[in-house]
Amino acid sequence: MKLKQLEGLLGDLQQFSNPKVELEQYPTRPHIASRMLYMAENSFGDISGKVVADFGCGCGTLGIAGALLGAEYVVGVDIDSQSLELASLNAEDLELDIDLVLWDIRNSKWRGQIVDTVVMNPPFGTRKKGADIDFLSTALKVASQAVYSLHKTTTRDHVKKTALRDLNARSAEVLCELRFDVPQLYKFHKKKEVDIAVDLWRFVP
Amino acid sequence: MRLLTHNMLSCNIKGVTNGFPLRLEVEKFVEKEVDFSAEFLRNIFPKIEWKALVDAARSMGYAELPDEADSSMLDSDDFLKKFHHALLELHLEEGALICPETGRRFPVNKGIPNMLLHEDEV
């Protein structure tokens, strides 16, 4: 599948209608999601034929992108049941089979390393400090092959140090810097839309 | 929820040391056909907790899997087809997952297990 085609399909997915600020629910835009999964597949072979988990999947964008690129098995995990209902509808519309689990990543417990690759757009930890690192910590325990994640560029040094030193990642590499456009979703957003710089990371557990 | 997911989930209530495997309580299940890949099955076989898969499949009425399995069986098409069906084609739609240690019931609705803990369980 071509990148444009993938981005187009992701653009048709339903998004949150009432995003929850405490969960830092921001949709992963098709532009970013498609590039993230496309790179994981075409540069590293981490998607097709693999078991892929989408942590904090929201309405399922990254997991669905994985399934579209040939992942053998996709499981999406989120703490919000309304998001999972949307994810389920989105997958159904594209005739994809995706497993969904209502779970808090931060205190989830996984047996073994059945998952090959974790893809995630974690909460950036702006509202709840450390949430991004909590997600990364679990992801590095669950994945056997790779973890793809988005983190604010301003936290680059911290993320790298934490991943390598505290979470025992074998490598932590920024693949590219992207512009994450955050539309005015919440009342505390004063500007109509802001761009924040985010890094697309690839970690090897 | 399919049984590959079941093979990964563990109960994480505070103090629980053996939260795997969760027992299935089945009210409704469905079967959906998916493409067969022998290569995928061979790769994933060593990671599967076999007994958990056998018991889960049986609770959905599928009793074709042998009690024990080893990698020599992966040469048999017949075995692979049964493994494929149990692992990837059986979906628990309504029911629950039960913690083997505490008996805590995690409900499954519309195919989605609710593994969220109560405040006093974290």
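Start by selecting Val30(B): it stands opposite His91(B), which sits in strand 3 of chain B. Strands (E, at least two residues) and helices (H or I, at least four residues) are DSSP runs here, numbered from the N terminus.

Before moving on, some housekeeping. This is a predicted model, where local features need pLDDT of at least 70 and side-chain atom pairs count only at pLDDT 80 or more, while totals for chains, interfaces and linings use all residues. Residues are numbered from 1 along each chain as its sequence is written, chains are lettered from A and ligands numbered from 1 in the order in which they are written, and side-chain values use heavy atoms, leaving out hydrogens and water.

**Stop 1: the sheet in chain B**

Now select strand 2 and strand 3 (residues 90-98) of chain B, which pair antiparallel over eight bridges. (Two strands pair if DSSP finds at least two bridges between them.) Widen the selection and you get an open sheet of four strands in chain B, in the order 2-3-4-5, with antiparallel pairing. Its edge strands are strand 2 (23-31) and strand 5 (112-113) of chain B, each pairing on one side only.

**Stop 2: a cis bond**

Select Phe20(B) and Pro21(B): the peptide bond from the former to the latter is cis, with omega near -5°. Pro21(B) is in the loop between strand 1 and strand 2 of chain B. Most peptide bonds are trans.

**Stop 3: where the chains meet**

Show both chains. How many residues of chain A are in contact with chain B? It's 27, against 33 residues of chain B, with contact meaning heavy atoms within 4.5 Å. The two chains bury about 2,500 Å² between them, 58% of it on carbon and sulfur atoms. That's the accessible area (1.4 Å probe) that two parts lose on being put together, summed over both.

Next, pick Asp97(A) and Lys32(B), which form a salt bridge with their closest N and O atoms 3.6 Å apart. (The rule: a side-chain nitrogen of Lys or Arg within 4 Å of a carboxyl oxygen of Asp or Glu.) Three salt bridges cross this interface. On the side of chain A that touches chain B, strand 3 (99-102) is one of the elements giving two or more residues, and with four residues it gives the most.

Then find Trp110(A), opposite Leu9(B) in strand 1 of chain B. Here strand 4 of chain A and strand 1 (residues 9-10) of chain B run antiparallel, joined by two bridges.

**Stop 4: inside chain A**

Select Glu7(A) and Arg35(A), whose side chains meet in a salt bridge (3.0 Å, N to O). Glu7(A) is in helix 1 (residues 3-11) and Arg35(A) in helix 2 (residues 30-42), 28 residues apart.

Finish at Asn168(A), in the loop between helix 6 (156-166) and strand 7 (171-183) of chain A. Phi of Asn168(A) is near 55°, a positive value in a residue other than glycine.
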